[in-house]
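This report describes how the parts of one protein model are arranged. Please look at the sequence and the structure before reading on.

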Amino acid sequence: MSVKGLWGAGVRAVGKTGSPGTGMAGDYGLAFVNPFAPRRASISDERREALRAAVRAHGDCDGATITLSELACRDQGCAEVETVILITEAKRQSRALRLHKRLSEVTETCIREAIDAGGLRTLE
Ligand SMILES: [Zn+2]
């Protein structure tokens with residue numbers, strides 16, 4: 001098992017061409033890449049719409065606004081991220097589905113299974 005690539009990925013040295021035009025004396029010569037910053041959820045609009053369609057098909061929520069967010073897991077001591085799917089409707093209380101995985105890992109199947117398992121919770 002290789003750990004190659006796990007280390008040294010955070011802060012990248014920049015060559016002499018880095019930061020042109022800043023004119024700042026004492027340029028650190030480093031790019032500020034925060035390794036702890038949450039990565040932007042990078043799924044296509046098509047995937048996003050397909051996941052919304054899966055929520056609509058199984059969540060009894062035609063016409064609802066469905067918001068897909070990737071957030072830091074709120075469980076104490078957990079460093080993972082979770083995907084929170086929020087269903088907002090004019091005529092009833094908002095509901096949320098938590099999936100303990102990245103948005104890019106969420107599939108139509110796991111949405112259906114989570115809803116079938118009673119994962120949709122009404123927000124107080
Ligand atoms: Zn967690």
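Which residues are buried in H1? They are Leu 51, Arg 52, Ala 54, Val 55 and Gly 59. A residue counts as buried if 20 or more other C-beta atoms lie within 10 Å of its own, as exposed if 12 or fewer do, and as partly exposed in between, with C-beta atoms placed from the backbone.

The model is a predicted one, in which local features need pLDDT of at least 70 and side-chain atom pairs count only at pLDDT 80 or more, while totals for chains, interfaces and linings use all residues. Residues are numbered from 1 along each chain as its sequence is written.

**The helix H1**

The face turned away from the buried side carries the exposed residues Asp 45, Glu 46 and Glu 49. Helices (H or I, at least four residues) and strands (E, at least two) are DSSP runs, numbered from the N terminus.

The 15 residues of H1 should span 21 Å at 1.5 Å a residue, and the end C-alpha atoms are 20 Å apart, which agrees. The expected span is 1.5 Å times one less than the number of residues. Just after H1, Asp 60 takes a positive phi of about 50°.

What covers the buried residues of H1 includes S3, S4 and helix H2 (108–116). Contact here means that the C-beta atoms of two residues, placed from the backbone, lie within 7 Å.

**The sheet**

Four strands form an open sheet in the order S3-S4-S5-S6, with antiparallel pairing. Strand S3 (65–72) and strand S6 (121–122) are the edge strands, and each pairs on one side only. Two strands pair if DSSP finds at least two bridges between them.

| Pair | Sense | Bridges |
|---|---|---|
| S4 and S5 | antiparallel | five bridges |
| S5 and S6 | antiparallel | two bridges |

A hairpin of six residues joins S4 to S5. Opposite Ala 96 stands Arg 121 in S6.

In a regular strand the side chains alternate between the two faces of the sheet. S5 has a covered face with Arg 95, Leu 97 and Leu 99, and an uncovered face with Ala 96 and Arg 98.

Arg 98 in S5 is the bridge partner of Val 84. Is Arg 98 buried or partly exposed? Arg 98 is partly exposed, because 16 other C-beta atoms lie within 10 Å. Leaving out residues up to four places away in sequence, Arg 98 touches Glu 82, Val 84 and Gly 119. Arg 98 and Ile 85 are 13 residues apart in sequence, and their C-alpha atoms are 6.4 Å apart in space.

**The core**

The largest nonpolar core has 14 residues, and those with the most contacts inside it are Leu 51, Val 55, Ile 66, Ile 85 and Ile 111. Two or more residues come from each of H1, S3, S4, S5 and H2. H1 gives the largest share, three residues. Such a core is a set of buried Ala, Val, Leu, Ile, Met, Phe, Trp, Tyr and Cys residues joined through C-beta atoms within 7 Å.

Val 55 touches Cys 61, Ile 66, Ile 85, Ile 87 and Ile 111, again not counting residues up to four places away in sequence.
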